[in-house]
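Here are a few notes to read alongside the model. Keep the 3D view open and pick out the residues as you go.

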Amino acid sequence: MDYLAQLQQHNTLLKESLALSQKALALSQKENVLQKKLIARLQAQSVQQQEQITQLQEKVEVLEAETRRLKKLPPKPDIKPDTKPPDDSDGPPGTPPATGQGDEAGPDGVPKHKVSKPDESTRNQRNQPPKPPPEKSIRVPACDVPPGSVWNGTTPFYVQDLVIKATSVEYLLDQWITPDGKTVTARPTANLHGHHYGPTLQAHIFHQYFGCGVTQPQLLEWLWDIGLSISPGELSNLITKGNEQFQSEKDEILVTGLRCSSYIQTDDTGARHQGQNGYCTIICNESFARYATTGSKSRENFLSLLHPFRAYTMTGNALDYLRALKYPQKWLRILQPYVGVTFLSYEAWKACMKEHGLTGKKRLQQAS
């Protein structure tokens, strides 16, 4: 009986341990389910974070591109991977054929146009000029010719060279004494523009200074090296003075461009001139471009740049513009009699307004 009681007690203990094992198994299963849910939640958060990182990277690239544009830096290079496009036969059935060499597929799958190679019509694309004709022929005898050889003519061997040397020309200007004792002296040719240096040298100096960006000290050293007698002041006068023809040509470019164009574009940026802060304004389209540096970027300044000969004319459109700005009626009544009157300078216009008491900076600027 004692042995049977021990067996029953042992059976009871086994049942209790089995119940505990089942509870532990249920708890472990719950933990596994919770772990799976946690892993799925972490995976979803990881995917969401990766999407946010991708969006932030795109925003950073857009902001970097905008920063480069505002700072006028070169854009980020678009470097394509050096991979060979697949052949038409390698792709699966239904795959569109590969585009030609140099073509790329756009975002919508449509291939872009193939960029043609530079030719004569391409900007800044020049062809090699032909050889200049020979000015003289020099015969060169052959050396070490064996006895009994027969002469077989000559073979041309062209050599191009550049001749740079200083020359001087003396102009003998006639002088006459008039009966009243005055002296009349002939004037040098017009192509000298009043300088003591020939037109070829002047053109070369302009090309080196403006076209090639050579500074005046370096240009002066080079002119001295080839034997030209010119002082730093004379070189500066050649570059900066006596160039009215270029100024008139610049004004003609604007007048002709405005006459031949159906639209214009404009923009301005900060610039310094002679140590002073100012603004450089461009007026352009695909046919012409004109730059002007002034101390203002106002509406009046832009309108004055459009007109090479600055003048002020009161018109009906000007009065309508002032009414849109809610200009005071007392000043409109004063300006009304001047419709059709043209002032040939800003000083004349300002003096007339000063007589009527229109001296306020804002009101005068709006009327101007």
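**Pockets and cores**

1. Start with the open spaces. The largest pocket holds about 1100 Å³ of space. Bear in mind that this is a predicted model.

2. What surrounds that space? The lining of the largest pocket has 27 residues, and K136, S137, I138, F157 and Y158 are the ones nearest its centre. Sorted by class, the lining of the largest pocket comes to 15 nonpolar, 7 polar and 5 charged residues.

3. Now for the second largest pocket, with about 850 Å³ of space. It is lined by 26 residues, and T167, H196, Y197, G198 and L201 sit closest to its centre. Helix 2 (residues 199-211) gives the largest share of this lining, 4 residues. The classes here are 14 nonpolar, 10 polar and 2 charged.

4. In soluble globular proteins, nonpolar side chains tend to be buried together. The largest nonpolar core in this model has 16 residues, and Y327, L335, W349 and M353 touch the most other members. Helix 7 (316-324), helix 8 (329-335), helix 9 (346-355) and helix 10 (361-367) each put at least two residues into this core.

5. Which residues does L335 contact, leaving aside its neighbours within four places in sequence? Look for M314, L319, L322, Y327, W349, M353 and A367.

Terms used: Residues are numbered from 1 along each chain as its sequence is written. This is a predicted model: local features need pLDDT of at least 70, side-chain atom pairs count only at pLDDT 80 or more; totals for chains, interfaces and linings use all residues. Side-chain values use heavy atoms; hydrogens and water are left out. On a 1 Å grid over the protein atoms alone, a cavity is a set of points where a 1.4 Å probe fits but cannot get out, and a pocket is an open set with protein on both sides within 12 Å along at least five of seven lines; lining residues have an atom within 4 Å of a point. Grid points are joined across faces, edges and corners, and a volume is the space filled by probe spheres set on the points. Ala, Val, Leu, Ile, Met, Phe, Trp, Tyr, Cys and Pro count as nonpolar, Asp, Glu, Lys and Arg as charged, and the others, Gly among them, as polar. A nonpolar core is a set of buried Ala, Val, Leu, Ile, Met, Phe, Trp, Tyr and Cys residues joined through side-chain atoms within 4.5 Å. Buried means under 20% relative accessible area, exposed over 50%, partly exposed in between (1.4 Å probe, protein chains only). Contact means heavy atoms within 4.5 Å.
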